[in-house]
Amino acid sequence: MPTESPVFQAFCGAGEPAFANRAELECAKVLDYYGIPWEYEPRTFVLEEAADGRVVEAFTPDFYLPEQDLYLEITMMKQSLVTRKNRKLRKFRERYPEARIKLFYKRDVERLAERYHLELAS
């Protein structure tokens with residue numbers, strides 16, 4: 001978990017974001033640098049419920065860009081291990097067809113890191 005706590009100008013969520021990993025922090029810095037308003041994990045979506053209404057599976061996208069009405073999910077898993085993440089996104093799109101979401105895979109984040117000289121290692 002990153003210990004760095006930059007002051008974000010474009011962050012429009014409540015409280016201070018507590019990023020799960022360095023890649024999320026660096027992506028937040030890019031959004032902030034370009035003045036793109038963003039929120040960090042603002043909403044959890046129910047994907048599956050038991051017969052009694054208990055939540056069995058849920059999904060919380062990493063970022064929400066309110067001006068684009070777009071959710072972003074960042075994954076640093078190897079491409080061969082993202083099957084579960086892709087399944088969750090498929091369920092998300094089926095259950096919430098009006099919501100827009102983009103998944104950034106490890107290779108996408110690495111390309112951003114290379115282009116913007118980001119530090120992804122914790």
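A: Helices (H or I, at least four residues) and strands (E, at least two) are runs assigned by DSSP and numbered from the N terminus, and contact means heavy atoms within 4.5 Å. Axes are lines fitted to C-alpha atoms, for helices over the stretch in contact, and the angles run from 0 to 180 degrees between N-to-C directions. This is a predicted model, in which local features need pLDDT of at least 70 and side-chain atom pairs count only at pLDDT 80 or more, while totals for chains, interfaces and linings use all residues. Residues are numbered from 1 along each chain as its sequence is written, and side-chain values use heavy atoms, with hydrogens and water left out.

The protein has three helices and six strands, which follow one another along the sequence in the pattern α-β-β-β-β-β-α-β-α. Four of the strands form an open sheet with mixed pairing, in the order β1-β4-β5-β6; two strands pair if DSSP finds at least two bridges between them. At its edges lie β1 (39–40) and β6 (100–104), each of which pairs on one side only. Within the sheet, β4 (residues 63–65) and β5 (residues 70–74) are joined by three bridges in the antiparallel sense, and Tyr71 in β5 is the bridge partner of Tyr64.

Helix α1 (residues 22–33) lies across β1, β4 and β5 and runs at about 15 degrees to β4. Helix α2 (residues 83–95) packs on the sheet by touching β5 and β6, and its direction makes about 170 degrees with that of β6.

Strand β2 and strand β3 (residues 55–59) pair separately in the antiparallel sense, over four bridges, and Phe59 in β3 is the bridge partner of Phe45. Five residues separate the two strands in this hairpin, where Gly53 takes a positive phi near 90 degrees.

Aromatic rings give a further view of this region. Rings of Phe, Tyr and Trp (its six-membered ring) pair if their centres lie within 6.5 Å, with planes under 30 degrees apart counted as stacked, over 60 as edge-to-face and the rest as tilted. The structure holds 16 aromatic pairs. In one of them, the ring centres of Phe19 and Trp38 are 6.2 Å apart and the planes stand at 35 degrees, so the pair is tilted. This pair connects the segment before α1, where Phe19 lies, with the loop between α1 and β1, which holds Trp38, 19 residues apart. Trp38 is buried at 0% relative accessibility, where buried means under 20% relative accessible area, exposed over 50% and partly exposed in between (1.4 Å probe, protein chains only). Phe19 is also buried, with a relative accessible area of 7%.

The rings of Phe45 and Tyr71, with centres 5.2 Å apart and planes at 85 degrees, form an edge-to-face pair. Phe45 lies in strand β2 (residues 45–49) and Tyr71 in strand β5, so this pair ties together parts that are 26 residues apart in sequence. Both Phe45 and Tyr71 are buried. Finally, ring pairs link Phe8, Phe11, Phe19, Trp38, Tyr40 and Phe63 into a cluster.
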